[in-house]
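Please walk me through this structure, beginning with a single residue and ending with the contact between the chains.

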Amino acid sequence: MSAWRRIKAIAAKEARQLGRDRLTVGMVVGIPLMQIVLFGYAINLDVRHLSAGVADQADTSWSRQLIADMEASQVLRFDTRVATAEALTEAMRLGEIAVGVYVPADFERRLVDPARPAAQLLVDGSDPTILNIAAQLLQMPAPSRPQQTSTTSGLFELRNFYNPERRSAVQIVPALIGVILTMTMVLFTAVAIVRERERGNLELLITTPVRTVELMLGKLIPYILIGLLQVSIVLLVGRLLFHVPLRGDLGDVYIAALTFIGASLTLGLLISTLARTQFQAMQLTLFIFLPSILLSGFMFPFDGMPIVAQRIAEVLPLTHFVRLSRGIILRGAEVGELASEIRALLIFFGVAITLAVLRFRKRLD
Amino acid sequence: MTAVDQLDLEIPRARIYGFLGPNGSGKSTTIRMLCGLLRPTAGSVQVLGHDATLEAEIVRRRIGYMTQRFSLYEDLSTDENLDFIAEIYGLPRREKQQRIGAARREYRLDDLRRQRAGTMSGGQRQRLALAAATLHRPELLLLDEPTSAVDPQSRREFWESLFDLVEAGTTILVSTHYMDEAERCHQLAILDRGRIAAEGAPKALMQAIDAAVIEVSCDQPRSAHHVLEDLDQVRSVTQLGSRLHILVDPTVSEPEALIRQRLRDAGLASQVERTAASLEDVFVAATRKPLEVAA
Ligand SMILES: Nc1ncnc2c1ncn2[C@@H]1O[C@H](COP(=O)(O)OP(=O)(O)OP(=O)(O)O)[C@@H](O)[C@H]1O
Ligand SMILES: [Mg+2]
């Protein structure tokens with residue numbers, strides 16, 4: 001059929017051009033690798049030798065014992081010693097230390113007083129991993145004491161700076177597939193048609209018998225394959241480097257990814273019909289990318305967001321994919337059980353491609 | 001603004017019809033309307049018996065369009081570009097390779113098969129673009145300045161190819177800035193500010209020029225130039241070495257006498273005689289004419 005022949009011709013041409021564009025080829029493999037390694041290590045729970053500071057106003061054998069115990073755990077490295085709590089806060093503000101330990105002068109009296117915490121742990125909450133460390137340190141027993149008084153209050157009182165919530169590594173990697181795909185898929189197709197317009201190819205192309213739908217579908221095909229390749233890279237690296245479990249079915253992951261890739265690519269196409277220049281296309285992509293990251297549940301728990309934000313999030317493909325991938329990869333859900341998310345992505349795909357085809361005119365005016 | 005205003009065109013079949021006109025006179029705009037790329041704000045465009053806007057898809061299968069700016073893919077090679085176009089036009093598979101091969105021979109692209117279009121010279125690119133535009137054997141070929149930035153030898157060869165196509169029955173509409181090319185057209189339209197300022201066969205246009213053409217030889221051509229330029233009846237003065245080529249308003253009964261008198265008054269010795277008009281004179285006369293105010 002000639003329609004299929006034209007679609008194939010467009011797809012082959014697009015793939016060929018893509019293969020010749022070194023930067024794009026680099027991005028296809030480089031972005032997922034870089035992202036997962038960066039994100040993956042930043043959220044690695046097994047952190048050691050965090051720089052820490054101490055203000056030991058008690059300076060007794062017990063307080064020194066406490067510091068020694070903490071250093072022995074190898075989690076903290078005390079390389080800043082100051083006199084006051086204020087100096088600790090200042091050091092943290094300057095980024096010199098990630099954790100501060102404040103031991104007040106009446107440390108020993110506080111130790112035996114169940115009503116008051118004995119010391120303070122100051123934490124730079126702007127880094128989520130440090131928060132997790134703090135949680136571990138809170139479990140730490142008080143330095144060995146002669147008398148066995150059971151203390152109801154812990155050794156530390158947690159004072160969390162900058163970031164009140166905690167996240168875990170495993171939660172992030174499955175959702176990261178979606179973030180990476182949003183970044184690459186939307187951007188690739190967003191510039192796909194604009195680029196032809198800028199280079200003057202479009203004027204010729206639209207005087208040929210090729211139909212708008214054929215042009216759009218032909219442009220999607222190579223990127224679908226690229227998207228699936230990127231999914232595989234993230235899954236593989238997530239498995240090898242970060243031991244992310246796959247509790248669900250691998251086929252289900254790919255089904256979810258495929259629908260998400262379709263939705264993202266058509267979103268890009270739609271942007272491509274709106275933008276006049278590649279620069280505009282990139283700006284519009286960013287305009288989609290930021291809310292996707294912030295509202296999809298990738299960064300912040302979806303349920304904690306205000307209703308308005310939730311409504312907006314429901315429109316973004318990434319929100320649905322984050323639920324799908326966490327469901328399948330982490331909770332072992334089947335894709336059938338998450339059908340409503342798949343449906344949402346398919347609807348998005350349908351609406352976006354219809355709008356893109358309607359918006360695109362085989363004319364210059 | 002109005003790029004093209006009340007343009008009536010009749011292009012005879014199997015002929016080369018030329019568009020001549022200054023920058024911005026509406027050549028590209030007209031050609032784009034014929035392709036259905038732009039819609040006329042009023043009136044209609046009929047191409048090969050079809051409405052160019054409403055039946056654009058029918059028209060597009062039967063025309064070939066070579067854009068002013070190179071619009072094939074610069075990062076694809078000759079063969080890849082031609083193959084892409086062949087697929088898009090759905091050429092029969094058996095015929096495809098044979099047609100591409102023939103086009104390569106016709107437009108001397110055999111040595112450039114694997115070279116990317118982006119690395120080709122201007123002339124090579126034009127040949128590739130023409131090969132692509134004719135691959136599906138269009139009945140009507142629209143060429144928008146196909147030979148800008150092409151050397152005279154290559155231009156000659158290019159025009160030989162055009163005449164071959166015409167011989168085979170193709171109708172060609174070509175826009176150009178070159179007088180020698182314009183002279184080779186069967187029929188010519190001179191466009192000015194979106195209107196047809198003159199139309200006809202080049203020879204007929206030159207004979208029926210709406211001005212007297214005077215040639216002046218003198219020792220001080222620059223001074224003579226300034227003196228003559230100020231005359232109301234003089235439409236244009238062109239210097240060619242030590243000679244001046246002058247167009248005088250047709251209302252002047254004895255143009256040679258007028259010029260001679262003026263130069264003598266200025267104290268300049270000169271030889272003044274009337275000559276035949278060139279196509280460039282026709283062009284200048286047509287495009288310098290003040291536009292009649294539309295009723
Ligand atoms: N997209 C556009 N938007 C606004 N004005 C335009 C557009 N395209 C063309 N024009 C205007 O229409 C007029 C005719 O332009 P056109 O490109 O047809 O000229 P042309 O005869 O092909 O000139 P050239 O010899 O420089 O190629 C010009 O004044 C131009 O500025
Ligand atoms: Mg032009």
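Met92(A) is buried, because its relative accessible area is 4% and buried means under 20%, with exposed over 50% and partly exposed in between (1.4 Å probe, protein chains only). Met92(A) belongs to helix α4 of chain A, residues 85-93; helices (H or I, at least four residues) and strands (E, at least two) are DSSP runs, numbered from the N terminus. Gly53(A) lies 39 residues from Met92(A) along the chain, and their C-alpha atoms are 8.6 Å apart.

This is a predicted model, in which local features need pLDDT of at least 70 and side-chain atom pairs count only at pLDDT 80 or more, while totals for chains, interfaces and linings use all residues. Residues are numbered from 1 along each chain as its sequence is written, chains are lettered from A and ligands numbered from 1 in the order in which they are written, and side-chain values use heavy atoms, with hydrogens and water left out.

Chain B contains 11 helices and 12 strands. Its C-alpha trace spans about 75 × 45 × 30 Å along the principal axes. Of the 295 residues in chain B, 52% are buried. Contact means heavy atoms within 4.5 Å; among the contacts in chain B with a separation of 6 or more, 68% join residues 24 or more positions apart.

Next comes the interface. The size of an interface is often given as the accessible area lost when the parts come together. Here 31 residues of chain B and 25 residues of chain A take part in the contact. The area buried between the two chains is about 2,900 Å², 53% of it from carbon and sulfur atoms; buried area is the accessible area (1.4 Å probe) that two parts lose on being put together, summed over both. On the chain B side, Leu37(B), Tyr73(B) and Ile88(B) lose the most area to chain A, together 22% of what that side buries.

The interface of chain B and chain A has 6 salt bridges, each a side-chain nitrogen of Lys or Arg within 4 Å of a carboxyl oxygen of Asp or Glu. Arg20(A) forms a salt bridge with Glu80(B), with the closest N and O atoms 2.7 Å apart. In chain B, α2 (56-62), α3 (78-88) and α4 (93-106) each supply at least two residues of the side that touches chain A. The largest share of that side, 6 residues, comes from α3(B).
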